[in-house]
Amino acid sequence: MTRTNSIYRAVVEEQTEFIRRFRPDGKLTFVNSALCRFYGKEPEELLASNFKDLLDSEERDSIVHLVYSISPENPEIVTEPRYRGIDGRMHFVQYVTKGIFDEHGRVVEYQSVGRDVTAQREAEATLAEARIAMAQASKVTTLAVIGGGIAHEINQPLNAIRILTASAQLLAERSEFAESELPRMLGDIASQVDRIDSIVNHLREHLRQSQNTTSESCDLGNAVHSALSLINAQINARGIALDVNISSNLPFVTGTAIRFEELVTNLVANAMQALDGADCDQKIIQIDVTSREAGLVELTVSDNGVGFDEGLAEKMFEPFFSTKSSGTSMGLGLSIVRIIVQAAGGSITASNRPEGGALIKVTLPSAGWSGA
């Protein structure tokens, strides 16, 4: 008898795996020491309970259903229930549960052997995060390469347009059109060429992951007005109403005006595209710029469209990600916005409005604010 008890303890009591048995009604009939230690309970306490009592309420029904699906044709199942320990930490336990059948094929008892797989699941989660980070870095690198190539290709026709415009200006000033609108229009074209050139150069610098922080300050409210003056014709052509609210006496933010104009332009363009398929009496884009506590300036751009899948709230800022039909978007607009925001030391989030539509919120530290 002593030898039998010794073998029993070696096989059951002194191993690290959790062992339990329970009846078809769920009442536990046997638990080993490892299982008791893991759940922080005495054997008597566990043996007076049901195996269901150890399950998280959110997954209890699905696991119980799986356990009771055991049959002679399907004699074994694997489950991985969660369990919040007395330390408040969430643990994951992997159980292999088998049915013990009588001569008629009916379950008379269940036996489970389990182990704590929390460390393994946490390692897998860390690895998955690392893979996502690597994929993101790869996308950004690709974006930098493509961006550099695009910038190089754009610069050539830009220089040609600049030269042709300058020549046309000289001809217009020396002709009968000198007093007409033509010289002014050509001047506007030249200024927009310079603007494109400046945007491309700024984009190329940021895509190279330059960490040099500019000390230039910008009035975000003025940047909003300037950006809207460039795309107002597109907004009106789409029949979209603008609701712009800019607080007075806003503190300046750190960065160049042209970069923040680009930010606003991309956010408004994204809202316009979201409204293209919206079915509403009046399409509206609302822009608010306000001063917040702790030296922060907040910019929000919202629309009254259909919103977006909440699961895409982070993914939408990744390079080349787009929910639009193939060929209509490169998926760079919001990723460029995030690059601009991060370069200014700010943050950006996306959410759906309770009343419908999407809202993008940009929070920026004011120029000179240390966060102390």
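Q: Let's start with Leu 263. Which residues does Leu 263 touch, leaving out those up to four places away in sequence?
A: In this predicted model, Leu 263 touches Leu 299, Val 337, Ile 340 and Val 341.

Q: What should I make of nonpolar residues meeting like that?
A: The general idea is that in soluble globular proteins, nonpolar side chains tend to be buried together. Here, the largest nonpolar core has 41 residues, and Leu 263 is among those touching the most other members, along with Phe 260, Leu 267, Val 268, Ile 285 and Leu 299.

Q: Which helix or strand gives the largest share of this core?
A: That's H8, with eight residues. Other elements supplying at least two residues each include helix H7 (220-237), helix H9 (333-343) and strand S10 (283-292). Apart from this core lies another, of 23 residues, with Leu 28 and Phe 38 among them.

Q: Is Glu 261 buried or exposed?
A: The way to tell is the relative accessible area: under 20% counts as buried. Glu 261 has 10%, so it is buried. Glu 261 sits in helix H8 and touches Arg 195, Ala 223, Ser 226 and Ala 227, again skipping residues up to four places away in sequence.

Q: How many bridges join S12 to S13?
A: Six, and the two strands run antiparallel. Ser 347, for instance, stands opposite Thr 363 in S13.

Definitions and conventions. Residues numbered from 1 in each chain as written. Predicted model: local features only at pLDDT ≥ 70, side-chain atom pairs only at ≥ 80, totals over all residues. Heavy atoms only, no water. Core = buried A, V, L, I, M, F, W, Y, C linked by side-chain atoms within 4.5 Å. Buried < 20%, exposed > 50% of the residue type's maximum accessible area, 1.4 Å probe, protein only. Helix = DSSP H or I, 4+ residues; strand = E, 2+ residues; numbered from the N terminus. Contact = heavy atoms within 4.5 Å. Pairing = 2+ DSSP bridges.
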